[in-house]
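I opened the notebook to work through one chain, element by element. The entries below keep the order in which I looked things up.

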Amino acid sequence: MQVSEILAIKGKVLYTIAPNRSLSEAVAIMTEQDVGSLVVFEHGKMAGMLTFREVLKHVHSAGAAWQDVAIADVMVRDPLTAGGNMEMDELRRHMVDHHQRYLPVMDGDTLMGVISFHDVAKAVLEEQSFENRMLKNYIRNWPEDGNEA
């Protein structure tokens, strides 16, 4: 299974924010949309990625003054990305090796979507369930005579 197939199953809804917006605005969007990341766009190009990890780190370090901080001061600049033709096994290794829960999927400079570790786990379960059903169907329809192939 490829990343593009996971995106097709997931859907391609994108949540973005500008780097000059405040961290409190980002938290509001993430909460309202029930997402763990926002892609930061500036002048039509991806400038970075904001995940709940960066938000929590900054809230911890800034204390009560966290809300008015600009996204640009907190986001991950030039985040790791995946391509649509990347195989799921390579994607999983990439996410685990680099400790990333969210990866933007890019086609050149175009953002195609964001893959979360949850999306990957769900795709693996669906793929295994499909294979399991096919194997059970094959066994159920096994030829009676051992000479048939």
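**Hairpin, sheet and helices**

I began with the hairpin of β2 and β3, where two residues lie between the strands and His43 takes a positive phi near 55°. For the record, this is a predicted model, in which local features need pLDDT of at least 70 and side-chain atom pairs count only at pLDDT 80 or more, while totals for chains, interfaces and linings use all residues. Residues are numbered from 1 along each chain as its sequence is written, and side-chain values use heavy atoms, with hydrogens and water left out.

I then noted that β2 (residues 37–42) and β3 (residues 45–51) run antiparallel and are joined by six bridges; helices (H or I, at least four residues) and strands (E, at least two) are DSSP runs numbered from the N terminus, and two strands pair if DSSP finds at least two bridges between them. Within this pair, Glu42 stands opposite Lys45, and Val39 has Met49 as its bridge partner.

β1 and β2 pair in the parallel sense over two bridges, and the β-α-β crossover from β1 through α2 to β2 is right-handed, meaning that, with the strands pointing away from the viewer, the path from the first strand over the helix to the second runs clockwise.

Taking the sheet as a whole, I recorded four strands in the order β1-β2-β3-β4, open and with mixed pairing. β1 (16–17) and β4 (76–77) are the edge strands, each pairing on one side only. Helix α3 (residues 52–62) packs on the sheet and touches β3 and β4, contact being heavy atoms within 4.5 Å.

Next I looked up Ser22, which lies in the loop between β1 and α2 (23–33). Is Ser22 buried or exposed? Ser22 is buried, with a relative accessible area of 13%, where buried means under 20%, exposed over 50% and partly exposed in between (1.4 Å probe, protein chains only). Leaving aside neighbours within four places in sequence, Ser22 is in contact with Gln67, Asp68, Val69 and Ile71.

Last, I turned to helix α1 (residues 3–10), in which Val3, Ile6 and Leu7 are buried. Seen down the axis of α1, the buried residues fall within an arc of 100° (taken from the directions from the helix axis to the C-beta atoms), so they line one face of the helix. They pack against β5 (82–83), α4 (88–97), β6 (102–107), β7 (110–116) and α5 (117–140). After α1 comes Gly11, with a positive phi near 100°.

Technical notes
Axes are lines fitted to C-alpha atoms, for helices over the stretch in contact, and angles run from 0 to 180 degrees between N-to-C directions.
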